[in-house]
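Here is a short briefing on sheets, domains, cavities and a pocket. Please keep the sequence and the model open while reading.

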Amino acid sequence: MSLLELSGLTAAYGAVAALSGLDLAVEEGEIVTLLGANGAGKSTTLRCISGLLPPTGGEIRFAGAAIAGLSAERVVRLGIAHVPEGRRIFPGLTVRENILLGASNRRIARAALRRDADEMFALFPDLARFADTLGWMLSGGQQQMVALARGLMARPRLLLLDEPSLGLAPLIVQQVFRIIARIRETGTTVLLVEQNARLALAIADRGYVLETGRLVVAGKPDALWNNEDVRAAYLGGKRLSEESGAR
Amino acid sequence: MAIILQLLFTGLGIGAVYALVALGFVLIYRATNVVNFAQGQFAMLGGYCMVITTVDLGLPYWLGVVISLVVMALFGALFNLGVYYPLRHRSFLPVVISTIGASILITNLVLAIYGPEPTTLPGMTDYPGISFGAVFLDAQYLVIIATTLALVILQYIFFEHTMVGKKMQAVSQDKEMASLLGINVTGMIMLTFTYSAVLGGIAGILVAPILFVSVGLGAQIALKAFAASIIGGFGDVPGAIVGGLLIGVAETLGAFYISVPYKDAFAFILLFAFLLIRPQGIFGEKIAQKA
Amino acid sequence: MKNAAGFLLWLLALVIAVAFALILPINGYLMNLLMQASTYAIAVLGMTVVLGYAGQINIAQAAFFGIGAYGVAIGTTTLGMAFFAALALGAVVALGFGIVLGGSTLKLGGHYLAMVTISFQEIVTLVLTNWIGVSHGPDGISNIPRPHLGFLALDQSRHYLALCLFFLFVTAGLVAWLKSSRLGLSMQAVRDNELAAGVAGIDTYRIKIIAFAASACLGGLGGGLFAGAFRYISPDQFAFDDSVVLLTMALLGGVDAAIGAVIGTALLILLPEWLRFLKQFYLAVYGLAVILIMVFMPQGIFGYFARLFRRAPDLPRGEVAPLTLGASAGTGRPILEISGLSKHFGGLRAVDEVDLAIESGSVHALIGPNGSGKTTTLNLLSGIYRPTAGRIRLGGRDVAGLAPHLLAAAGIGRTFQNIRLFHSLTAFENVLIGSFRVGSGEHDAQSRRERALAALDFVGMAARAPVLVSSLPYGHQRLVEIARALAANPTLLLLDEPAAGLNLTEKQNLVALLRRLRGHGLTILLIEHDMDLVEQISDRITVLNFGRRIADGTPAEVLRHPDVVAAYLGEVAEDVTA
């Protein structure tokens, strides 16, 4: 049994279809990446899983249980943490407070909560210096670290990461990805949405490529990296007219 | 000199009441982005609860306070369910109009049941007050200032040093993210309304012995509190307190030195002055336009 | 044709109502109710304009009503003016207060306006009560005379009621006509989407002030007539509660239609008479009604029924003329030159010293990863943001930092990433608003309507012209948004991700549309993530990353540029897994 299984998932924003029948599976301990251009449905997939967007059809099974349509509050209690696009750090709270709130899904004693937070500061040593800085004063890279730490405070079995490299300088992006690789070593499964295909494929075990709400191709990183469809999804090169001619 | 000190004291006392109502109003705004135009009616209801329990039913003063605050807490929850919750996904205008509707409903319900005659409520203590030379510190004003100070400190501790306080702040800053972390957003908003209603109720209980308890009490206080929160910087907690005190002092001084009949106008003149010169208020950020 | 029929119907109703007032035996009590209803309704029509059309709140209508009433009372009794002169005086004073209040507050958010109007209401009540030398204080003013019309004295109530009904019909007719006029459509555009209204060339601040001042003026007019009707007024008739009653009347009847105002007023004047058993509870029931209307029937009674039989808009008939687009002078010369353009948000450099030149008649694509500053650049070009530094020259003129409507007037049109249409209007009305731009080339109402239809036809949506945009499918909404920009006849069209959310067929149609636009010589700056589309139609591409320009050139050059490939597919990931 896979840890996460999507079958025939459909979703829409109002009248606009965002996902049309997506099948996907994530095994325990894997890093799986979802690739595709803007508007392909990657973020929508994560939003459906974490309960922000109720799907219009299909199934989501987590550790065997059907979770489609549950509220975000309930999903995170089951062990799925979602670190959304744009970090979404609480701007008026300090780094420490942001991180402490990450454990809101667990019933936990104050002392244990402090201990968990200290663990995060050990995992992200750069953050310790900023523990009492307000969220809005951080740089993008620091915010991403806080977002990851906050996500990990939920002690998730499955971590959903949406565009962790967004707007970050290359050097910072590499740091972030090293941490993602480390997170997997702690036994947390990761579903990673990323525009930076090269980096994502470098740390992933498997990848899926979406286009307009559909699965185009799935496979191992090497195969995907050399696949024309993948490159086309990002940089073009495949004529619209040709594709329609084939239909 | 003594006169000015005396007026300052009185102004701070009445200003503290405005600050309490403004505070409730700012908390709801921060949690829900809704301007609650019925906040003043919370104060009016608090005053009437006291009259009913202590004067009509003859209960001890402390018991009256306890019962009034419990009633206000329940009322805040009910208000959330009836006025805000059904409209939570709608734009600003329908919700504002709905709270205006609620303020009319509350005012006129009380009017219908209790009539237009103002009632008096005795002060919290029989002790008249303290004299410092020519300055007389009235006991009820002292109670008001002390209670407000205590509440501000308690609220500070609650928001800065408890996890529930942090969760409430998180909800006011980003509801979706808060729900992703497992924070009960609906519950936190419910708590905000409950607490704001209690704050309003306390303001009403405090001010009732000074002003008469009447149906007009709510609107009278609410308008000053609105002005206070704009002057302080809309949505800013310290701003609401400073704004409230400022208005209290301004209208007390204005009434003494300029005109008694126009006492209630000074708050609004101050408000217009701020809107023209510094619309972001004392502590407010520059109002930014967002695409 | 339809307008003419409507006008005749309105005239007939006016004559019948006035005749009934003059002929029917009406007892004194009913007479008072009818006079109250007709004068209130005029003030409620003011609410229709400000709240219904322009979406701005006004909780001081009773204050404006009172100003008008005192204008007549003081004007006729103290100053010895003629009735109609005093009526005009009251309305003008109310208008003046409306301009001052609106002008000081309408740049700020909506709740400021709510609070300022409530405060104004309180001040007016205070002044009326305490300025005894002028207002006679709480005692009020009595013996207010009624007017003469030439030889005809309107002393009798039935005559005066006829006069009130005449004013009501004229006001209602004007307010109803306003809704589909240029000014009224602009108000509704501001209400539906202020940002898009500005970019479409509407001076949103000015429109809001006009709406607010017009509402105040109608309040004053109604109040002036009210003073003559009852011949006695006092401050307590114009208090906060009465503002709330006027607000409720507008909401109950249906806030965005003149008929709604009349229905709401009539109901709430008559209702207390029917609901006498409620006795002292009836104002409480008002409050409850307001909440219930907001929750269950936000469009009000008339709005609720109007949905059932919506009348089709009056579209231009006959052949649709081909759309003319003012081809820019001299293809090949730069029409837009940006140099050193920067926008910082705190420490974030969203756009950082970007240079860009767009040749007249070309399709220029602006691409880059998420968060690279593309949309911010467009927001700077359309005036939504003010640049931190840098120059923007459009056709040789420096336009950096101008307000959106001024940039629209200078010739910049745009669409938005997440479509911004005026959702309660039809496709035709949306596009018509675009044609209002000064410089659209159309100077009269008829030619603007023809241009709007031509623009819809150009994008293939003429058949959907009478449909409400909110009921159109997503792809069609995108086309309507483009048509709205085209109707303004822009010299430079900015498109923000026009292909986002479109399916393959729709994308192909979009490519064809963009090619046709280029064929007409229109200059286009395009943000797009679909690289197939970009490659197919762009003459030139500029690539941004982290707010900086990293490449600029022809599609062939740019899409193979190593920095661009790295920006899109990622840097070489040497030691990530190590």
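Two strands pair if DSSP finds at least two bridges between them. Strands (E, at least two residues) and helices (H or I, at least four) are DSSP runs, numbered from the N terminus. This is a predicted model, in which local features need pLDDT of at least 70, side-chain atom pairs count only at pLDDT 80 or more, and totals for chains, interfaces and linings use all residues. Residues are numbered from 1 along each chain as its sequence is written, chains are lettered from A and ligands numbered from 1 in written order, and side-chain values use heavy atoms, without hydrogens and water.

**Four-stranded sheet, chain C**

- The strand order is β4-β3-β6-β7 (chain C), in an open sheet with antiparallel pairing.
- β4 (348-359) and β7 (397-398) of chain C are the edge strands; each has a single partner, so one side of each lacks a neighbour in the sheet.
- Five bridges link β3 (residues 334-345) and β6 (residues 389-394) of chain C.
- Within that pair, C:L336 has C:L394 of β6(C) as its bridge partner.
- Helix α15 (residues 374-381) of chain C lies across β3, β4 and β6 of chain C, at about 115 degrees to β3(C). Axes are lines fitted to C-alpha atoms, for helices over the stretch in contact (heavy atoms within 4.5 Å), and angles run from 0 to 180 degrees between N-to-C directions.

**Six-stranded sheet, chain C**

- This open sheet runs β8-β9-β10-β5-β11-β12 (chain C) and has mixed pairing.
- β8 (412-414) and β12 (548-553) of chain C stand at the edges with a single partner strand each, so one side of each has no neighbour in the sheet.
- Neighbouring strands are turned by 20 degrees against each other on average, direction ignored.
- β11 (residues 540-545) and β12 of chain C run antiparallel and are joined by five bridges.
- C:L544 is bridged to C:R549 in β12(C).

**Domains of chain C**

- Domain 1 covers 2-306 and domain 2 covers 334-569, with bounds from an automatic or database domain assignment.
- Their centres, taken over C-alpha atoms, are 43 Å apart.
- In the contact between them, 17 residues of domain 1 meet 20 residues of domain 2.

**Cavities**

- On a 1 Å grid over the protein atoms alone, a cavity is a set of points where a 1.4 Å probe fits but cannot get out, a pocket is an open set with protein on both sides within 12 Å along at least five of seven lines, and lining residues have an atom within 4 Å of a point.
- Grid points are joined across faces, edges and corners, and a volume is the space filled by probe spheres set on the points.
- The whole structure holds four cavities of 30 Å³ or more.
- The largest cavity has a volume of about 90 Å³.
- Domain 1 (2-306) and domain 2 (334-569) of chain C both line the largest cavity, so it lies between them.
- β8(C) gives the largest share of that lining, three residues.
- Residues lining the largest cavity include C:V199, C:I412, C:R437 and C:R484.
- The second largest cavity has a volume of about 60 Å³.
- Of its 13 lining residues, A:A81, A:H82, A:R150, A:G151 and B:L181 lie nearest its centre.

**Second largest pocket**

- Its volume is about 840 Å³.
- The pocket has 29 lining residues; B:G216, B:A219, B:Q220, C:E122 and C:F240 are the closest to its centre.
- α4 (92-114) and α9 (217-232) of chain B, with α5 (110-130) and α11 (240-253) of chain C, each give two or more residues to this lining.
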